[in-house]
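Take a look at the picture, then read on.

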Amino acid sequence: MTPQPPPARIVVVGAGLGGLSAAHAIRRRGLELGLAPHVAVWEAAERPGGQLRTVIEDGYLVEWAANAFRTGTGPTADLVARLGLQAEQVHADRAAERRYVFHGGRLHLLPSDPVSLLNFTPLSRDGRLRVLAEPFLAEQVDHEESVFDYAARHIGAEAAEVLLGTMVRGVYGGDAHALSVDAAFPVMREMERDHRSLVIAGIAGMPQRMREGKTTWSFRGGMSVLIDALAADLGPGLRLRTPALGLEAGPSGGFLLRGVEGDAERFDAVVLALPPETAADLLERLDAPAAAELRGIPTGPIGMVALAFEQGAFVTPPDGFGFLVAPSEDLQVLGCLIESNVFPGRAPDGQLLVRVIMGGVADPDLAARSDADLAAIALDALDRAWGLTDPPLRSWVGRQSRGIPQYVVGHLGRLDRIQARLGRFPGLHVAGNAYRGIAVGKLVDDAEVVAAAVWDAASAGGQPAVSASLGSPSRS
Ligand SMILES: Cc1cc2nc3c(=O)[nH]c(=O)nc-3n(C[C@H](O)[C@H](O)[C@H](O)COP(=O)(O)OP(=O)(O)OC[C@H]3O[C@@H](n4cnc5c(N)ncnc54)[C@H](O)[C@@H]3O)c2cc1C
């Protein structure tokens, strides 16, 4: 294949963190190559950030989606430095290292070492001993499996259900029996591959974790600080209230992207940083099988209720980071974060700010419920966890109907098929949380991969650039 000229006009569709960080990385790499690419971002909404949104009012700081990064060195740290945001970083309070699980109708401190595991009563005595026996029983397997199957092989079925089942609900709003460990938690497969036993891997990985300095951190002004800085860096390249409504191949190469005005704009490369269903709608005319594959990525709705209370509004003072809810429980929530414990100062003095997260795949009708219903569900959960004596001072309700993509078993095969389809259109890429990681740090990591693919496609003569944008998930 003859080498293609480097793309001069590039558009990223969607200004969530995935799209904004991809646009930033594409422009930076282009400049490093001595090129001056035109990088546009089309965003349907009237503000950038997508799911990420920070509201600051009357002494409260409320996050709508992710509230923190959990990264050390690497692309996110580099991005923060390039944007001059280091002075804005705030690290989570040490007290927030204590995390709880709601199981058997009450809260239990999550074990952090073998001794505390021995006292972790949500697991039977045999269940606890089975976890401790992991180094003697662990084996490696080389096929994709569910998070539950993987965890049950390592720590036994009981601990897999309670510990991993709870984590998968808390992180993905998903089901540990359905999600693929290889796609959703690739670091777990790497631990097994490198060390066979998770316990041994945990011990062996300590020096590296210390070097990487992974912590929970955000910005003084919340996650919007990063979004605003990325948007300012793009300048007029970012076009708000500009939904992309159609995508087709250009008559002489490249792509035609159609907006509400009806006129199509021509681009050499297109990055779709959209929810998978929206990306599928845009791809329908270009490649219906690729669109069908994207529609096959399930998503779960997510609701968020933030509530402010007087410190003394609970029988038991809320402690630590908050709690996640075990799959066996009848609480209608996934978990609760005590925002003002994690990042002190996010509520006025003498008050607590908590965020209750609900929904997920087990609650598909969540997005249709009223704000009052969601607030009632949240208050019930807080009452059962800590005993509520006083009503909230204030509340905020948010919902995302397509909140979290689910990397179910078979996700990696689906990515390969999407790659094979989209690879037929040099210059076409996908980005965002539907493919290789939902965590905000993973989106910034992936932006670098997507940017490399955009420029490599040109030098490789139009080889399937999406191969780099999809591939297999990396460490998270
Ligand atoms: C309640 C909640 C809590 C979370 N907590 C955490 C956490 O603690 N830690 C963590 O790491 N992650 C967390 N996440 C996940 C993380 O916030 C998301 O994965 C991430 O923000 C998604 O970014 P994205 O760019 O992939 O997608 P989005 O933010 O969905 O961006 C997609 C963008 O595309 C735009 N768009 C849609 N259609 C069009 C169109 N036709 N034309 C142009 N633009 C269009 C949308 O308006 C949107 O701006 C949480 C998510 C939720 C919902």
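## Where the ligand sits

First, a word on terms: the domain bounds used here come from an automatic or database domain assignment. Keep in mind, too, that this is a predicted model. With that in hand, where does the ligand lie? Domain 1 (9-50 + 223-297 + 408-469) and domain 2 (54-95 + 299-405) both give residues to the shell around the ligand, so the ligand lies between them.

That shell is made up of 35 residues, and the closest are Gly14, Gly16, Gly18, Gly50 and Gly432. By class, 22 of the shell residues are nonpolar, 12 are polar and 1 is charged. Four elements each supply at least two shell residues: helix 1 (17-32), strand 15 (299-310), strand 19 (394-405) and helix 18 (440-459). Helix 1 gives the largest share, with 3 residues.

## The chain as a whole

Stepping back, the chain has 19 helices and 20 strands. Its C-alpha atoms fill a box of roughly 70 × 55 × 40 Å, taken along the principal axes. A compact globule of 476 residues would have a radius of gyration near 23 Å, and the chain has 23 Å, so the two agree.

Inside, 49% of the 476 residues count as buried. If you look at contacts between residues at least 6 apart in sequence, 74% of them join residues at least 24 apart.

In soluble globular proteins, nonpolar side chains tend to be buried together. Here, the largest nonpolar core has 137 residues, and the members that touch the most others are Val13, Ala22, Val147, Val270, Val333 and Val356. Helix 18 brings the largest share of this core, 10 residues.

Leaving aside neighbours within four places in sequence, Val270 is in contact with Val11, Val13, Leu247, Phe255, Leu257, Gly427 and Leu428.

## A buried arginine

Is Arg355 buried or exposed? Arg355 has 23 other C-beta atoms within 10 Å, and the cut-off for buried is 20 or more, so this residue counts as buried. Arg355 lies in strand 18 (residues 351-359). Beyond its neighbours within four places in sequence, Arg355 is in contact with Met304, Ala306, Cys336, Leu337 and Glu339. Glu158, on the other hand, is 197 residues from Arg355 in sequence and 29 Å away in space, C-alpha to C-alpha.

Most residues other than glycine have a negative phi. Asp58 is not a glycine, yet has a positive phi of about 50°. You'll find Asp58 in the loop between strand 3 (54-57) and strand 4 (60-63). Asp58 counts as exposed because it has 8 C-beta neighbours inside 10 Å.

Arg196 also has a positive phi, of about 70°, without being a glycine. Arg196 sits in the loop between helix 9 (186-195) and helix 10 (198-204). With 16 other C-beta atoms within 10 Å, Arg196 is partly exposed.

Key: Residues numbered from 1 in each chain as written. Predicted model: local features only at pLDDT ≥ 70, side-chain atom pairs only at ≥ 80, totals over all residues. Near = placed C-beta within 6 Å. Nonpolar A, V, L, I, M, F, W, Y, C, P; charged D, E, K, R; others polar. Buried ≥ 20, exposed ≤ 12 C-beta atoms within 10 Å, placed from the backbone. Contact = placed C-beta atoms within 7 Å. Rg over C-alpha atoms; globule rule 2.2 N^0.38 Å. Core = buried A, V, L, I, M, F, W, Y, C linked by C-beta atoms within 7 Å.
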